[in-house]
Amino acid sequence: MAVASQRKIEYKNNGQLRIMAQAGVLLSEALDAAVAAVAPGVTTDEIDAAFAEVVDAAGAQYNFLGYYGYPKHICVSVNDEVVHGIPGPRKLAEGDILSIDGGCVVRGWNADSARTVIVGEGDPEDVRLSEITRQAMWRGIAAFAKGSFVGDIGDAIDDFVSAQDGAPLGILEDYVGHGIGSAMHMAPDVLNYRTGHRGAKIKPGMALAIEPMLVRGSIDTKTLDDEWTVVTTDGSRASQWEHSVARHPGGIWVLTAPDGGASELGPLGVTPVPIPA
C-alpha cells in the first residue's frame, strides 16, 4: 500500500504490542488459507474469499477494504504486477507468480504481511526471485533486531540482494515499508535500499512492516487505469514478501509469524523474545 501518511513515530507499550501479535497470528492463518487456495484455474477473487473467510470467522476487521476506496480484502499481484493488484475474475495459470498482501485489525491494532507464491512448476528464475526477496526480508528483520537506526534495515536488504550470484535483481524504490500500529501506515518509512541516510533511531515500542519488493528487470513502474495496480514498465516479473515486526525492551518479535520468526532468525544470529506481560 502507500507510504506513511503520519510523520510522528508511534511507540507502543507491551500490552498494545501483544494485541498486535494477536492480529498477526490471525493474519498468518488467513494468508495460509489464501495460499492454500492458489491453483491453476482459480480466480484471484477466490483467493480473496478464502482470506476473508478466516478473518470473518474470527470477528476481526480489515485494513485494506475501503482504504482510500480500495474494493477488496487483500491485494493479489500477478506476474508483472508489483503491488496493489485488485482481486477479480482473472484465472491463475501454471507458472504464474503472485504476491498476496493482506492485513487485519484486532481491537484497533493492525497487522500487515505478504507472501509470494508460484503456481505449480514455475520458471527457476521466478523461484530464485521469490527466494531472494524472502531472504532479503529476513536480513532486514535481523537488522531491525541488531541495528541502531531504521536505515540499517535498507542497508542489510540492499547488501544481501547485491551480493547474489546470477542475474541482478532490482529493488523497487517507489514503494517501501512503514511503521504500523493504531494505523496501517505510519512513520517511519522503511526503505529497502542503501541511501547513506540513517533514518530514525530504533527504540523499544517501535513496530515496522518490513517489505522488500524485487523485480527481474527495470525498477520503473506505472499505475494502471484502475488507479491501484502497479506494474513494471518492461513487463518483468516481481516478488513481495512482508512481515510486521515489533521491537520491545527485551528484543524483537515477528508479529505475523507464528513462532515470532525463530526458525528464520536463528541462523542469522537473532533469537526472538516473546513480548512480556
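**Figure 1. The largest nonpolar core of the predicted model contains 37 residues.** Within this core, the residues that touch the most other members are Ile141, Phe144, Ile153, Val161, Ile210 and Leu265. At least two core residues come from each of α3, α4 (151-162), β7 (186-190), β8 (207-210) and β14 (251-254). Helix α3 supplies the largest share, nine residues.

Figure 2. Leaving aside residues up to four places away in sequence, Ile141 touches Ile210, His243, Val245, Ile252, Val254 and Leu265. Ile210 and Leu265 are also among the core members that touch the most others. Apart from this core lies another, made of 36 residues, including Ala23, Leu26, Ala34 and Ile47.

**Figure 3. A salt bridge joins Arg115 and Asp32.** The structure holds twelve salt bridges. In this one, the side chains of Arg115 and Asp32 meet at 2.7 Å, N to O. The pair links distant parts of the chain, with Arg115 in strand β4 (residues 109-118) and Asp32 in helix α1 (residues 14-36), 83 residues apart. Arg115 counts as buried because its relative accessible area, 16%, is under 20%. Asp32, at 41%, is partly exposed.

**Figure 4. A salt bridge joins Arg90 and Glu81.** The distance between the two side chains is 3.3 Å, N to O. Arg90 is partly exposed, at 36%.

Figure 5. Arg134 is buried, with a relative accessible area of 16%, and Glu131 is partly exposed, with 30%. Elsewhere, salt bridges that share partners join Asp123, Asp126, Arg216 and Arg237 into one network.

**Figure 6. Tyr67 and Tyr68 form one of two aromatic pairs.** A pair of aromatic rings is described by the distance of the centres and the angle of the planes. For Tyr67 and Tyr68 these values are 4.8 Å centre to centre and 90 degrees between the planes. The pair is edge-to-face because its angle is over 60 degrees. Tyr67 is buried, with a relative accessible area of 17%. Tyr68 counts as exposed, at 65% relative accessibility.

**Figure 7. Tyr70 and Trp228 form an edge-to-face aromatic pair.** The ring centres are 5.0 Å apart, and the planes make an angle of 80 degrees. This pair links distant parts of the chain, 158 residues apart. Tyr70 is in the loop between α2 (44-58) and β1 (74-78). Trp228 is in the loop between β10 (221-223) and β11 (230-232). Tyr70 is buried, at 1% relative accessibility, and Trp228 is buried as well, at 16%.

**Figure 8. Arg198 and Lys201 lie over the face of Phe149.** Arg198 is placed at 4.2 Å from the ring centre of Phe149. Lys201 is placed at 5.4 Å from the ring centre of Phe149.

Definitions and conventions:
Residues are numbered from 1 along each chain as its sequence is written. This is a predicted model: local features need pLDDT of at least 70, side-chain atom pairs count only at pLDDT 80 or more; totals for chains, interfaces and linings use all residues. Side-chain values use heavy atoms; hydrogens and water are left out. A salt bridge is a side-chain nitrogen of Lys or Arg within 4 Å of a carboxyl oxygen of Asp or Glu. Helices (H or I, at least four residues) and strands (E, at least two) are DSSP runs, numbered from the N terminus. Buried means under 20% relative accessible area, exposed over 50%, partly exposed in between (1.4 Å probe, protein chains only). A nonpolar core is a set of buried Ala, Val, Leu, Ile, Met, Phe, Trp, Tyr and Cys residues joined through side-chain atoms within 4.5 Å. Contact means heavy atoms within 4.5 Å. Rings of Phe, Tyr and Trp (its six-membered ring) pair if their centres lie within 6.5 Å; planes under 30 degrees apart count as stacked, over 60 as edge-to-face and the rest as tilted. A charge sits over a ring if NZ of Lys or CZ of Arg is within 6 Å of the ring centre and within 35 degrees of the ring normal.
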